[in-house]
Amino acid sequence: MFDLIRRTAFVILLLPFLIGAAAAQDAEPQQAAVSTLVSEQVSALARLTARTDAVANTIAANAEDDAKLVDARLELEDILRETLAAGVAFRPRLSEINARLQELGPAPATGAEAAESELVSNERKALTAEKAEINVTLGKAEDLSVRVNGLINKIANLRRDLFTNLLTKRYSIRDMLSSQVVTDILNEGESFRQRVGASLRFAFRFKSQSLMLATVLAFGAAFIASFLGRRLFGRMVRRDPAVEQPSYISRLSVAFWSTLLPSVALIVFLALVSGLYQSYGVLNQDMAAYLDGLIGVIVIAFLVNRLSRSILSPDMPKWRLIAIEPAPARIIIWLVTALGLVVGLDGFAAIISDRLNSPLSTTIIKSLVAAVISGLLIVSVGQVKPFVDETGKSRPWPLWFRLVLFLLGFGSIIAAMAGFISLAQFISQQIVLTGTLVTTAYIGLLASRAISDEGGFAETAAGQWMKTDKGVDDAKLDQYGVLSSVIINVLLALLFVPLVLFQLRFQPGDIAAWLTKAANGFQIGTFSFSPLAILTGIGVFALGYFLTRYFQRWLDGTVMARGRVDPGVRNSIRTVVGYTGLAIAALISISAAGLDLSNLALVAGGLSLGIGFGLQNIVSNFVSGLILLAERPFKVGDWVEAGAISGTVRKISVRATEIETFQRQTVILPNSILINGAVGNWTHRNKLGRIEVPVNVVYASDPHKVRNALMDLTKAHPLVLRNPEPAVLFQGFSDTAMQFEVRAFVADVGTGGQVRNDLRFAVVDAFRREGIELAYTLRPPVAVVVEEKQQSGPVDAPPAEAKTKARPPRRRG
Amino acid sequence: MGRTPDMVKSILLAASLLALTGSAYAASAVNLDSEPRTITVTEGGSKQEIALGAGETVQFCANGCFVTMPNGDREALTGGETIEISGGVGRIK
């Protein structure tokens, strides 16, 4: 449990290693020289057999050592792979031999008339002999693989037994409780003191320079790390006393980061100290082991203390995560820190006993004491009354929680007293270490859930920054919140699941084996599944996607924008490039995933049937979309009329086109309609457009005067084009009026409404000035009878005037 | 910026497509003869006889194995090969 640090580093190093290993496997050269092939593989198999023998011996010698067993299994799996590779190496030669034998044909029956030439029969003999040899060698490889698999199964059984033993092994405490034990322990302490003293004196006297250098380096690195950490994450871990009501999410994130960051910094610093001392040769092997043990104690105690402090926050109750009163919170922090310290020291003491070869009884007695103390500490936590009810009286933990603590605490004490020392140790270790890890991970999970809640991300520092500096809207922020919560969850799983598994006595080798298995694929029924291949495919596709988008943006924004390319063409090219890029990315990713495209052909065959029946509309729209992009009857921003729909084109995609009407309604029009029907485009080649304004004038007016007035005012309008010239048309005679029409051309048809409007105003103004009268139809006036509502109240009702005064009339507006 | 959901959708699509076609990893054997054939497969420490009816195809051996063909020839497979048995002779494609 003390090499937690090393194991963490191991996990981090594991992934690239695995990937590298997978790559190396593929690259293995397979063309060994044909003549020496058999002898080469025979000697390779001999080597592998020797390795297997060695591993079998290791297993026999270390049946009690879990870590060694796991290493042995990794070695065996490696041997298995190489055995298989040795077998596969024969394949080209075997197919050669088979092909040649087939060419030679079967040996003629004895006594056949046409005896074959000696050359042929010799060659056949030689080939058959070589094939037999290869077959024998392959048989040996097969036997070896069976044996190695048997050993792997044996290791699994051994490890299962080991764990059962650990929990059920019983020591006789009575035999060990004697005056001898006390002297043993005292002796152990004395020799430990002497050895450490001697090593330290040696280090100071002969290695003082290295010692100084390593210490200074470690401190320097720690200082830089803490300085950078403060600069980068300072805001995340600081509790601001000025904040009245810190939000749940900021409390969570402060608790999480203020546990994680200093702990990681401390672990890095201590690992650096240990590593530097070892690489400078300051410490001998014993001292290095002691130092690692001591580091373990410090890390455990610090982690537990830090975590409990950040959850309970007794100094700033506003920032606490669980509503426990400050005074009992302080007690709980002390108790759990002490528990961490005891568990850590127990492990440290075990290292000392191991190094000094002390008698078993001293180890057992020390562990007994540690188990009893930790049991008492756990029970004491259960005794604390952490809550306060409305009357201000202290309230204990909920009953179930107390019961669990008492059960664990007393259980550990009783188990230790009865001689089940390992079981008691296991209990207290799990409580401290697994408890710490699970609690930290749980806080992280809570935080990620809070972030993914509606509006949760906007409250975080990153969300605030995006909102104010980048102007990201709330809906986008919400999506980012979900995304970041997914990322946090994945990171938590990557970090904490292995740590908890180590804690539960799984070895790094176990996890390595699982990962290898996951990378190579496993089989469920007849369906075989290879996550690594699929992940590779997805990764390649994502890369292709981003490259396409990047290329698209570069082409559109840099090349085509500079080249003054027409926006419609730009849009078409961008869309086509996008789809082509995606198709290429999909194809590459499928082949990167190692998939057979013939499987895809099967799927495509099924799809084509579906297209025939159900998808023909979609496909027709799709093809129409391609035609639209190529032919470009309209482009984004054009004013089009298709059937009853008239509006501006907003987006042309492959299935449908978005048109925004002037009422700002977005109409999504399937592309096939746009291809098959008539589409009017006001702005196809140019934006020139004609506008008409009908004007009716009474017969009393002079039509020449009218025409001149209309012509003048039309020409005077700044948006009306001189060429083509505007015209005034005398269109006809109606019952009441002479009908004129003003026709004018404008450069941008979009401004037509405005121009028409201006012209009408100008017509009225000019006619008033000139005394021309506009025609209108006289309609007989409709008599509107407004009945006065008679007051039918009593006679002595107050007069109306008084009423209005009493209640002022309500004004509208 | 606004492309994230699109991207997620595309990746999901690609992943499902990959999962759909992802069965290319086991070795398979097909019997082209008109009579049943038996091959012996040693995989994971145990020997197993697999009987193949006429024209039948089986999948086996996800992580590498040794195979003995009906005529006694041996082969080592890494998983992913296709074996065709005709006239009792196994041939790796």
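**Briefing: a predicted two-chain model**

Arg756(A) is partly exposed, with 15 other C-beta atoms within 10 Å; a residue is buried if 20 or more other C-beta atoms, placed from the backbone, lie within 10 Å of its own, exposed if 12 or fewer, and partly exposed in between. This is a predicted model, in which local features need pLDDT of at least 70 and side-chain atom pairs count only at pLDDT 80 or more, while totals for chains, interfaces and linings use all residues. Residues are numbered from 1 along each chain as its sequence is written, and chains are lettered from A and ligands numbered from 1 in the order in which they are written.

**The two chains**

- Chain A has 26 helices and 12 strands; helices (H or I, at least four residues) and strands (E, at least two) are DSSP runs, numbered from the N terminus.
- Chain B has 1 helix and 8 strands, and its pattern along the sequence is α-β-β-β-β-β-β-β-β.
- Of the 813 residues in chain A, 26% are buried; for the 93 residues of chain B the share is 34%.
- Two residues are in contact if their C-beta atoms, placed from the backbone, lie within 7 Å.
- Among contacts in chain A with a separation of 6 or more, 74% join residues 24 or more positions apart. The corresponding figure in chain B is 45%.

**Around Arg756(A)**

- Arg756(A) belongs to helix H25 (residues 752–770) of chain A.
- Not counting residues up to four places away in sequence, Arg756(A) touches Ile691(A) and Val693(A).
- Val693(A) is 63 residues from Arg756(A) along the chain, yet their C-alpha atoms are separated by 6.5 Å.

**Nonpolar cores**

- A nonpolar core is a set of buried Ala, Val, Leu, Ile, Met, Phe, Trp, Tyr and Cys residues joined through C-beta atoms within 7 Å.
- In soluble globular proteins, nonpolar side chains tend to be buried together.
- The largest core has 60 residues, and the members that touch the most others are Ile300(A), Ile332(A), Leu339(A), Ala416(A) and Ile421(A).
- Two or more residues of this core come from each of these elements of chain A: helix H9 (248–279), helix H10 (285–312), helix H11 (326–356), helix H12 (360–383), helix H13 (399–417) and helix H14 (421–452).
- H14(A) gives the largest share of this core, 11 residues.
- Leu339(A) touches Ser374(A), Leu377(A), Ile378(A) and Val432(A), leaving aside residues up to four places away in sequence.
- A second, separate core holds 36 residues, including Leu94(A), Leu138(A), Val41(B) and Cys65(B).

**Helix pairs in chain A**

- Axes are lines fitted to C-alpha atoms, for helices over the stretch in contact, and angles run from 0 to 180 degrees between N-to-C directions.
- Angles under 35 degrees count as roughly parallel, over 145 as roughly antiparallel, 65 to 115 as roughly perpendicular and the rest as oblique.
- The axes of helix H3 (residues 66–88) and helix H5 (residues 118–168) of chain A come within 9 Å and cross at roughly 165 degrees. H3(A) is therefore roughly antiparallel to H5(A).
- Residues in this contact include Leu69(A), Leu76(A) and Leu80(A) of H3(A) and Leu144(A), Val148(A) and Ile155(A) of H5(A).
- By class, the contact of H3(A) with H5(A) has 15 nonpolar, 3 polar and 3 charged residues; Ala, Val, Leu, Ile, Met, Phe, Trp, Tyr, Cys and Pro count as nonpolar, Asp, Glu, Lys and Arg as charged, and the others, Gly among them, as polar.
- The axes of helix H7 (residues 179–206) of chain A and H12(A) also come within 9 Å, and they cross at roughly 90 degrees. H7(A) and H12(A) are therefore roughly perpendicular to each other.
- H7(A) gives Val181(A), Asp184(A), Ile185(A) and Glu188(A) to this contact, and H12(A) gives Ser361(A), Thr362(A) and Ile365(A).
- The classes in the contact of H7(A) with H12(A) are 3 nonpolar, 2 polar and 2 charged residues.

**Backbone details in loops of chain A**

- Asn723(A) and Pro724(A) are joined by a cis peptide bond, with omega about 0 degrees. Pro724(A) sits in the loop between helix H24 (703–716) and strand E11 (727–733).
- Ser313(A), a residue other than glycine, has a positive phi, near 40 degrees. Ser313(A) lies in the loop between H10 and H11 and is buried, with 23 other C-beta atoms within 10 Å.
- Arg632(A), also a residue other than glycine, has a positive phi, near 55 degrees. Arg632(A) is in the loop between helix H22 (616–631) and strand E5 (639–642) and is partly exposed, with 16 other C-beta atoms within 10 Å.
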